[in-house]
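Open the model in your viewer and keep the selection panel at hand.

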Amino acid sequence: MKRSHINYVIDKAHAIAETFRVCLPDFAYLTVDAWRQQDPALWREVRDLQLGWDVTDFGRGDFAQTGLTLLTLRNGLMGSADYPKPYAEKMLQIQQDQQTPWHFHRHKMEDIVNRGGGDLCMQLAWSMPDDGYDPRRIVDVSVDGQRRTVKSGDTLVLKPGQGVCLPPRLYHRFWAEKAFVLGWEISMVNDDQHDNHFLEPGGRFPTIEEDEPVKWLLCSEYKRL
């Protein structure tokens, strides 16, 4: 992704949050210049746990088709005395017809919620011991406490206000239909470095072309400070 596009996407993400009347934490508004004026000791948790903006094209090179904008709001670190929090929370911004590709989490259980906008469409399938995709096994999930059963690969539609609980090792792929979707993720501790498995080659983080100065640091870039 080009740096200019990342800067634009985060500018737009602020505007979208305001449109939905979602108030964001202070660190969501810190530009790279503002970060450099901060006392690092006061923001140690934000930097250590990589709270903040996360814009990715999943290594596919076409953000409009395959991509996601996230803001990690809180997180913990398993086995850490400093950060014992056992849960995480993220805002997800999903453009119309933009997909997040097939993947599962080895350890993380999560709820994905449609907070507003269009329909959040999701395909589900169980993984196999070799991390392959099981095309036959029926999937049972909980949608707001109601049991739902779908065939492997069938589409589950979450209307605004609805959310689904996804257990570990359940493959999922999702996208927005009819309009932009403001999504939310409430989960166990998040570890994007080690806990994600994608069905097809790509990557969790983008390769960045530095075509203009950095305005907004991604949460994976705090080491640049």
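How many nonpolar, polar and charged residues are in the lining of the largest pocket? The lining has 9 nonpolar, 8 polar and 6 charged residues. Here Ala, Val, Leu, Ile, Met, Phe, Trp, Tyr, Cys and Pro count as nonpolar, Asp, Glu, Lys and Arg as charged, and the others, Gly among them, as polar.

Some ground rules. This is a predicted model: local features need pLDDT of at least 70, side-chain atom pairs count only at pLDDT 80 or more, and totals for chains, interfaces and linings use all residues. Residues are numbered from 1 along each chain as its sequence is written, and side-chain values use heavy atoms, with hydrogens and water left out.

**Stop 1: the largest pocket**

Select Asn75, Val189, Asn190, Asp191 and Asp192. Of the 23 lining residues, these lie nearest the centre of the largest pocket. The space in this pocket is about 470 Å³. On a 1 Å grid over the protein atoms alone, a pocket is an open set of points with protein on both sides within 12 Å along at least five of seven lines; a cavity is a set where a 1.4 Å probe fits but cannot get out; lining residues have an atom within 4 Å of a point. Grid points are joined across faces, edges and corners, and a volume is the space filled by probe spheres set on the points.

**Stop 2: Asn190**

Stay on Asn190, in the loop between β10 and β11. Strands (E, at least two residues) and helices (H or I, at least four) are DSSP runs, numbered from the N terminus. Buried or exposed? Asn190 counts as buried, because its relative accessibility is 10%; buried means under 20% relative accessible area, exposed over 50%, partly exposed in between (1.4 Å probe, protein chains only).

Asn190 and Lys90 are 100 residues apart in sequence, yet 9.6 Å apart in space, C-alpha to C-alpha.

**Stop 3: the cavities**

The whole structure holds 2 cavities of 30 Å³ or more. For the largest, select Leu68, His103, His105, Glu185 and Arg204, the nearest to its centre of 19 lining residues. Its volume is about 150 Å³. Its lining divides into 7 nonpolar, 6 polar and 6 charged residues.

Next, select Phe27, Leu30, Trp35, Gly52, Trp53, Trp216, Leu217 and Tyr222. They line the second largest cavity, with about 50 Å³ of space.

**Stop 4: the largest nonpolar core**

Select Leu24, Phe27, Trp35, Trp53 and Leu71. Among the 36 residues of the largest nonpolar core, these touch the most other members. Such a core is a set of buried Ala, Val, Leu, Ile, Met, Phe, Trp, Tyr and Cys residues joined through side-chain atoms within 4.5 Å.

**Stop 5: Asp82**

Finish at Asp82, in the loop between β2 and β3. Asp82 is exposed, because its relative accessible area is 51%. Show Arg44 too: the two side chains make a polar contact of 3.1 Å.

Conventions
Polar contact = N/O pair within 3.5 Å; in protein donor to acceptor, adjacent residues only side chain to side chain.
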